[in-house]
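Please read them with the model open beside you.

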Amino acid sequence: MIEQAPDYIRIYTDIIAMKHPQKLEICAPILQKKRLTALDVLKLNEIVFGLEGIETEKFNQRHKSYDKSAIIKILNFQKDHGYNNTQMANQFKMSRNTLAKWKKSFECNQ
């Protein structure tokens, strides 16, 4: 089965070209990748649209999803920097319970 995902490179390239051409140089290294990860998309979104209001941030947080490679990168980041779940939750704006669940699921599979 072929996994279909949105073409984020094309989407963000169009958005930057039409609305924020001054940010093209900053986003270029990310957009030159062959395939974007969930973390790349979040970084692009932050660069292009900047910080948001509290209500918008809460709404967007509920609709985030991470693929397996992004989860593993986040867990490795935690391990490399010696962060606890609370520090990681604040760093990536997510629930401590989500991190605990990921640890149970992915650390035993590595």
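Which residues do ring pairs link into a cluster? Point 4 gives the answer.

1. Ground rules. This is a predicted model, in which local features need pLDDT of at least 70, side-chain atom pairs count only at pLDDT 80 or more, and totals for chains, interfaces and linings use all residues. Residues are numbered from 1 along each chain as its sequence is written, and side-chain values use heavy atoms, with hydrogens and water left out.

2. The largest core. The largest nonpolar core has 13 residues. Such a core is a set of buried Ala, Val, Leu, Ile, Met, Phe, Trp, Tyr and Cys residues joined through side-chain atoms within 4.5 Å. Buried means under 20% relative accessible area, exposed over 50%, partly exposed in between (1.4 Å probe, protein chains only). Tyr66, Ile71, Ile74, Met94, Leu99 and Trp102 touch the most other members. Helix 5 (68-81), helix 6 (85-92) and helix 7 (96-106) each supply at least two residues. Helix 5 gives the largest share, 4 residues. Helices are DSSP runs (H or I, at least four residues), numbered from the N terminus. A second, separate core has 11 residues, including Ile9 and Leu36.

3. Tyr66 and Trp102. The whole structure holds 3 aromatic pairs. Rings of Phe, Tyr and Trp (its six-membered ring) pair if their centres lie within 6.5 Å; planes under 30 degrees apart count as stacked, over 60 as edge-to-face and the rest as tilted. The ring centres of Tyr66 and Trp102 are 5.3 Å apart and the planes stand at 75 degrees, so this pair is edge-to-face. Tyr66 sits in the loop between helix 4 (54-62) and helix 5, and Trp102 in helix 7, so the pair ties together parts 36 residues apart in sequence. Both residues are buried.

4. The ring cluster. Phe77, Tyr83 and Phe92 are the residues that ring pairs link into a cluster. Phe77 and Phe92 pair edge-to-face, at 5.7 Å centre to centre and 90 degrees between the planes. Phe77 is partly exposed, with a relative accessible area of 24%.

5. Helix 5 against helix 7. The two axes come within 11 Å and cross at roughly 105 degrees. Axes are lines fitted to C-alpha atoms, for helices over the stretch in contact, and angles run from 0 to 180 degrees between N-to-C directions. Contact means heavy atoms within 4.5 Å. Among the residues making this contact are Ile71 and Ile74 of helix 5 and Leu99 and Trp102 of helix 7.
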